[in-house]
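Subject: Handing over the model

Hi,

Here is the structure I promised to pass on to you.

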Amino acid sequence: EVQLVESGGGLVQAGGSLRLSCSGSGFPFESVVIGWFRQAPGKGREGLLYISNIDGSTYYSDSVKGRFTVSSDHAKNTVYLQMNSLKPEDTAVYYCAADKNRSRWPFFIFWGQGTQVTVSS
């Protein structure tokens, strides 16, 4: 069974940092692309970035470029999302998702349950 579990969310002040984790199981971790998404209250889901565990390539959307960094630890089957210089508008539920096919971005197939990030002003 494919499972993705996010962790690391919480409450942080504006300007602060958080690191989210996405742990995967039930699939060959080195053969997928892992993406991070978020959904703020009353808004649609937004694709933020992804990392390919196949070739190490990354993609960042303009909304997070320069503030967020993605990395992957194959030994731990975990992808990390380092978020710096957080803003109140970053408040959302953050999800990770996985797919074998990068071309399906942002419509990845396997999804985690999400973790809440709240940034106070």
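Below is what I found in it, grouped by topic.

First, the ground rules. This is a predicted model, so local features need pLDDT of at least 70 and side-chain atom pairs count only at pLDDT 80 or more, while totals for chains, interfaces and linings use all residues. Residues are numbered from 1 along each chain as its sequence is written, and side-chain values use heavy atoms, with hydrogens and water left out.

**Strands and their pairing**

Strands here are DSSP runs of E with at least two residues, numbered from the N terminus (helices would be H or I runs of at least four). Two strands count as paired if DSSP finds at least two bridges between them. Strand β1 (residues 3-7) runs antiparallel to β3, and five bridges join them.

**The nonpolar cores**

A nonpolar core, as used here, is a set of buried Ala, Val, Leu, Ile, Met, Phe, Trp, Tyr and Cys residues joined through side-chain atoms within 4.5 Å. Buried means under 20% relative accessible area, exposed means over 50%, and partly exposed is in between, with a 1.4 Å probe and protein chains only. The largest core has 28 residues, and I34, W36, L49, F68, M83 and Y94 have the most contacts inside it. At least two residues of this core come from each of β3 (18-25), β4 (33-39), β5 (45-52), β7 (68-73), β8 (78-83), β9 (92-99) and β11 (115-120). Which strand gives the most to this core? That is β9, with four residues. Another core, of seven residues, lies apart from it and includes V33, F37, A97 and F108.

Contacts are heavy atoms within 4.5 Å. Leaving out residues up to four places away in sequence, L49 touches I34, G35, W36, Y59, Y60, V64, F68, V70, L81 and W105.

N53 sits in the loop between β5 and β6 (58-60) and is buried, at 5% relative accessible area. A polar contact is a pair of N or O atoms within 3.5 Å; within protein, one must be able to donate a hydrogen and the other to accept it, and residues adjacent in sequence count only if both atoms are side-chain atoms. The N53 side chain reaches the backbone oxygen of F29 at 2.9 Å, and a polar contact of 3.4 Å joins the side chains of N53 and H74.

T115, in strand β11, is buried as well, with a relative accessible area of 10%. Its side chain reaches the backbone nitrogen of G9 at 3.2 Å.

**Aromatic rings**

Rings of Phe, Tyr and Trp (its six-membered ring) pair if their centres lie within 6.5 Å; planes under 30 degrees apart count as stacked, over 60 as edge-to-face and the rest as tilted. A search of the whole structure finds nine aromatic pairs. The rings of Y59 and W105 have centres 5.7 Å apart and planes at 65°, so this pair is edge-to-face. Y59 lies in strand β6 and W105 in the loop between β9 and β10, so the pair ties together parts 46 residues apart in sequence. Y59 is partly exposed at 33% relative accessibility, whereas W105 is buried at 19%. Ring pairs also link F37, Y50, Y59, Y95, W105, F108 and W111 into a cluster.

A charge sits over a ring if NZ of Lys or CZ of Arg is within 6 Å of the ring centre and within 35 degrees of the ring normal. R19 lies over the face of Y80, 4.1 Å from the ring centre, and the charged end of R45 sits over the ring of Y95, 4.6 Å from its centre.

**Backbone points to check**

Most residues other than glycine have a negative phi, and most peptide bonds are trans. Here, a cis peptide bond joins W105 and P106, with omega about 0°. P106 is in the loop between β9 and β10 (110-111). N77, in the loop between β7 and β8, has a positive phi near 50°. S85, in the loop between β8 and β9, has a positive phi of about 50°.

Happy browsing!
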